[in-house]
Amino acid sequence: MQKACHCCGLIHEVPLLGAHQRARCVRCCSTIASGGSGPMSAQRTAATALGAFVLFWPAVLLPILEIERLGRHSESSIVSGTFELLAHGDWVVGVVVLLFSLVFPLVKIILLLELSLTKLLHMRHRAITYRLMEHAGKWSMMDVMLLAFLVMLVKLGKLVEFHFGPAVVAFVMCVGLSMLASALFDPHDIWTDEDRPG
Amino acid sequence: MRLSWWWIVTVAALLLAITLVAASWRNQKPHIAVRFTHGRSIVPGDRLRHRGIEVGEVTSVTLADDLEGVRIAIALEPSAWALAREGSRFWIERPQVSLTNVSGLETIVGGQYVAVSPGPHDGAHQTEFAGLESPPVGELAEGGLEIELETTRLGGLRPRAPVTYRGVPVGRITSVGLATDAASVTAHAFIEPAFVKLVRGNTQFWRKGGLDLSVGLTGLEVSMESLSSLAIGGVSFATPDLLGDHAKTGQIFTLHDQPQEDWLAWNPRVPVGSELLPGDLPPPRPLRASLRWGERSFGFQRDRQRQGWVLPLEGRRLLGPSGLLTPNLPEDSQAALQVGGQEYSLTAESPTKEEEEGDATESLAVLDLGVDVARAWPVDRIRAPQEPEACLVVGATNASVLPIAASRLTIEEEAWRIDGSLPLTAADYHGASVVAVSDGHLIGIAIVNDRWPQQIAVVSEEVANRLRE
């Protein structure tokens, strides 16, 4: 079948590949396709995406920060923190956190899951889903949140007693698995099955 | 379809999620709710305290559903979960300053808190409570005596008024009110456990309080018992020399307005060391002693001193720590031992003890004084114990009697080591007498100094035999 290199755009005629064979672009040498993937590649993506989905909920619902200040103990999760921001009137920050750390990452994970699990859907639907996922993925910034926590830890560590709650492990793993799932996903699979006879 | 190995990642992620949620669930704080009629400005964030430490936090304060009260929700620390049981009482601690009661002052600075007094140990777990409107009068110590006093008029009697013996507070009034037939006023009094033996069937109680003024040829005499009784009025009592039966719970005494002359002269000897000693055996009364000597170092004369308790024994002897009675003195030096107001000089020849080996710990020593000392302890009440047993360490007054359970003692060479968690200070207990709880016999002395761990130097068989000769 004909495939365009995603890096430089040169169109190649790619034959059926064996188990450990790879097709490389003649112009820029990036890998266009690897053989023997098919269902396995989908399973890889599905597995990691499902893992990210499972860990997403503890990450946002369990307490992620525990602050002790003057003997007052307070802990909050990402969800409760976001709603507190909104309730406080901090609309801008609240909406930003809500969208980019909660909504978009979740959407991306769900779509990735759907794409990899449901190979029986109509191709066009899958194409739209894939485009949506790409957009959502661009705006999914859970990893930026991690950086923010790190800065807080360094700066506030002297003023207040500051612990990471149980959610932080889930959060880190969710971010990692989500990135891994996107990396493992081969969008060409959407169209590969349709092309194969039978 | 062959399953890829990657599904292990999913399973691992699932396990991780379950572990985190389970761990978080276990750390959840148990919640209880207490209902009060008045919220008294408690806000979320105020603490629940018990025995002086925080055991919970108020999470919400809302009106009760029927608008007749306030519902305070409290998150308990996991370790304090057992406080929420049937019979536990909750109240809001706030400053109370009145003539009869000054309490809760720490809340002026620290903010109010909810206090709890747990119910009986076997109470069922409970999460909804009705709170007390005012702090309870005060815990009644176990082993105390509750009696009734009858009088014609209330006068200045109030709850928490002190009950005194020879001016020393030994109890308090817990409640006052009209008798059920309104023919007299009844006051309930509680006597602390240590002083229960003072109250006998023929004890006389009288009102004591305010100022006693008497004007006579010599001028104006003003006397008062204590500042609190000045304001509140208290009760005093005396027991005749010929002691009657022990008073029983609920015994009714008449509260007189004035003491009779002869009551004030009564002077029975009643042992009030500790309620733990059997019967009426008196506890030992050690004397304060100090050893002073001069040391020459580098041409300078330095005065040194050691202090502690010694117990006078029958037969003109003193029993105490070896560091005081038979010290290792340098040659040609003179030491003076001051005991019970008298001074005795010791020289390097007079100690009746062998050389101490190196840095051996202080032991029990007996010193022949050759003179009688007051308050001698009978030798037939001294014995050599076989193994660690429950005992009392007797220091200065009945207030500094320290009970030690057998489980806190471990045998170490010739002495019994006392568990380091017990509060013995050198100034209060070095040389203090140790008596067994079982029979009131002296079994050793306490050695408390900063050179060795605190221990009891026990009476050995040979010392016991030597004393009996």
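Modeller: A strand here is a DSSP run of E, at least two residues long, and strands are numbered from the N terminus. The model is predicted. By that rule B:Leu178 belongs to strand 12 of chain B, residues 168–178.

Colleague: Why is B:Leu178 called exposed?

Modeller: The relative accessible area of B:Leu178 is 63%, and exposed means over 50%, so the word applies. Leaving aside neighbours within four places in sequence, B:Leu178 is in contact with B:Ser184, B:Val185 and B:Thr186.

Colleague: What makes B:Thr239 buried?

Modeller: Buried means under 20% relative accessible area, and B:Thr239 has 1%, so it counts as buried. B:Thr239 sits in the loop between strand 17 (234–238) and strand 18 (252–256) of chain B.

Colleague: How do you know that the side chain of B:Thr239 makes a polar contact with the side chain of B:Thr203?

Modeller: The distance is 3.2 Å, and the cut-off is a pair of N or O atoms within 3.5 Å, one able to donate a hydrogen and the other to accept it. The B:Thr239 side chain also reaches the backbone oxygen of B:Leu198, at 2.6 Å. Beyond four places in sequence, the residues in contact with B:Thr239 include B:Tyr165, B:Arg200, B:Trp266 and B:Pro268.

Colleague: What makes a set of residues a nonpolar core?

Modeller: The members must be buried residues of the listed nonpolar kinds, joined through side-chain atoms within 4.5 Å. The largest such core has 30 residues, and A:Leu55, A:Phe56, A:Ile64, A:Ile78 and A:Phe171 touch the most other members. Elements giving two or more residues to this core include helix 1 (39–61) and helix 6 (167–184) of chain A, and helix 1 (7–26) of chain B. Helix 6 of chain A gives the largest share, 7 residues. A second, separate core of 24 residues includes B:Val163, B:Leu198, B:Phe205 and B:Phe253.

Colleague: Why are strand 5 and strand 9 of chain B called edge strands?

Modeller: They belong to an open sheet of 7 strands in chain B, in the order 5-8-2-3-4-1-9, with mixed pairing. Strand 5 (89–93) and strand 9 (128–130) each pair on one side only.

Colleague: How do you know that strand 2 and strand 3 of chain B pair?

Modeller: Pairing requires at least two bridges, and 4 bridges join strand 2 (47–50) to strand 3 (53–63), which run antiparallel. In strand 3, B:Gly56 is the bridge partner of B:Leu48.

Colleague: Which strands of chain B close into a barrel?

Modeller: There are 7 strands, in the order 10-13-12-11-17-14-18, again with mixed pairing. Twist averages 35° from one strand to the next. B:Glu148 stands opposite B:Ile252 in strand 18 of chain B.

Definitions and conventions
Residues numbered from 1 in each chain as written. Chains lettered and ligands numbered in written order. Predicted model: local features only at pLDDT ≥ 70, side-chain atom pairs only at ≥ 80, totals over all residues. Heavy atoms only, no water. Buried < 20%, exposed > 50% of the residue type's maximum accessible area, 1.4 Å probe, protein only. Contact = heavy atoms within 4.5 Å. Axes fitted to C-alpha atoms, helices over the stretch in contact; angles between N-to-C directions.
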